[in-house]
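Hi,

Here is the model we talked about, sequence and coordinates together.

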Amino acid sequence: MILETIDYRATGSAEKFVKSLRDTGFGVLSNHPIDKQLVEDIYTEWQAFFNTDEKRQFLFKPETQDGFFPAEISETAKGHTVKDIKEYYHIYPWGRIPEQLKANILKYYDHANSLAAELLEWVELYSPTEVKDKFSIALPKMIEDSQKTLLRVLHYPPMSGNEEAGAIRAAAHEDINLLTVLPAANEPGLQVQLKDNSWIDVPSDFGNIIINIGDMLQEASGGYFPSTSHRVINPEGSDVTKARVSLPLFLHPNPEVKLSENYTADSYLMERLRELGVI
């Protein structure tokens, strides 16, 4: 099985996209409204930033979770014991952002949020009635003016050969949020796990946008939309010398939004952050 790339502007693209999410937890869009040059500029700017010590002046604050997360405190995926080989920077419009990087990253944040709201409309439109009935409010309404949606600038450094045994760039995990919106990274490596437990590459042609279901949408849809495991594998051959930058936008509802009988968005997020050991 391969993941089909869907032309955002083609007839029937919304229905195809939602079917792909339902079948695999992932959808890949080409010909979408996010400006490729903007993404490329962000990759270049942030790669340069991660190559300097300036990043350490923006160390994250545990209480707000914005700022720079160095490799030594990087995430350990749920169910794993070895840290991922990455460092990253958390962007919220209200958070600390290096002045020279602000303009492009906040422009991208707005554009990606607008696209995400439209994609949530597609999901709602093509959900069966019994699934729609589970949503406490319309899906795009859940994220309206949300201060919780997180843009993470991820930096996977070149491989040094001294990595901890078993460590990979991002161990198999599911996302916590509703949807994740990700422009194809500047290097390949992203894979998704299918129902038969096999792994397939996610099409990473530059210019694609990759979208995946998070646990919150799985919870809100009563399991209809699957939050599937994905990972970023280590490069091989000459690619080991290449760094990788990626820009996942984790779409989070407002804290008070009711996901299900068991959870609000806030109670769900706090439970997962405790499991990850970041609070």
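Asp215, Arg272 and Glu275 are tied together in a network of salt bridges, where a salt bridge is a side-chain nitrogen of Lys or Arg within 4 Å of a carboxyl oxygen of Asp or Glu. Bear in mind that this is a predicted model, in which local features need pLDDT of at least 70, side-chain atom pairs count only at pLDDT 80 or more, and totals for chains, interfaces and linings use all residues. Residues are numbered from 1 along each chain as its sequence is written, and side-chain values use heavy atoms, with hydrogens and water left out.

Helices here are DSSP runs of H or I with at least four residues, strands are E runs of at least two, and both are numbered from the N terminus. Asp215 and Arg272 are both buried, going by under 20% relative accessible area for buried, over 50% for exposed and partly exposed in between (1.4 Å probe, protein chains only).

By the salt-bridge rule the count comes to 10. Another one of them joins Lys16 to Glu4, with the closest N and O atoms 3.7 Å apart. This pair also links distant parts of the chain: Lys16 sits in helix H1 and Glu4 in the segment before strand S1 (5-7), 12 residues apart. Lys16 counts as partly exposed because its relative accessibility is 46%, and Glu4 is partly exposed at 46% as well. Then there is Glu261 with Lys258, whose closest N and O atoms are 3.8 Å apart. Glu261 is exposed, with a relative accessible area of 71%, while Lys258 at 42% counts as partly exposed.

Now the helix packing. The axes of H1 (residues 13-24) and H3 come within 9 Å and cross at roughly 80°, so H1 is roughly perpendicular to H3. For reference, axes are lines fitted to C-alpha atoms, for helices over the stretch in contact, with angles from 0 to 180 degrees between N-to-C directions. Angles under 35 degrees count as roughly parallel, over 145 as roughly antiparallel, 65 to 115 as roughly perpendicular and the rest as oblique. Ser13, Ala14, Phe17, Val18 and Leu21 of H1 make the contact with Leu119, Trp122 and Val123 of H3, contact meaning heavy atoms within 4.5 Å.

H2 (residues 36-50) also meets H3 (residues 102-125): their axes come within 10 Å and cross at roughly 135°, so H2 is oblique to H3. On the H2 side the contact uses Leu38, Val39, Asp41, Ile42, Glu45 and Trp46, and on the H3 side Asn104, Ile105, Lys107, Tyr108 and His111.

Last, a look at Phe68, which lies in strand S3 (residues 67-69). Its relative accessibility is 0%, so Phe68 counts as buried. Leaving aside residues up to four places away in sequence, Phe68 touches Phe50, Lys55, Arg56, Phe58, Leu59, Phe60, Glu87, Tyr88 and Tyr89. Of these, Tyr88 is 20 residues from Phe68 in sequence and 5.9 Å away in space, C-alpha to C-alpha.

Cheers
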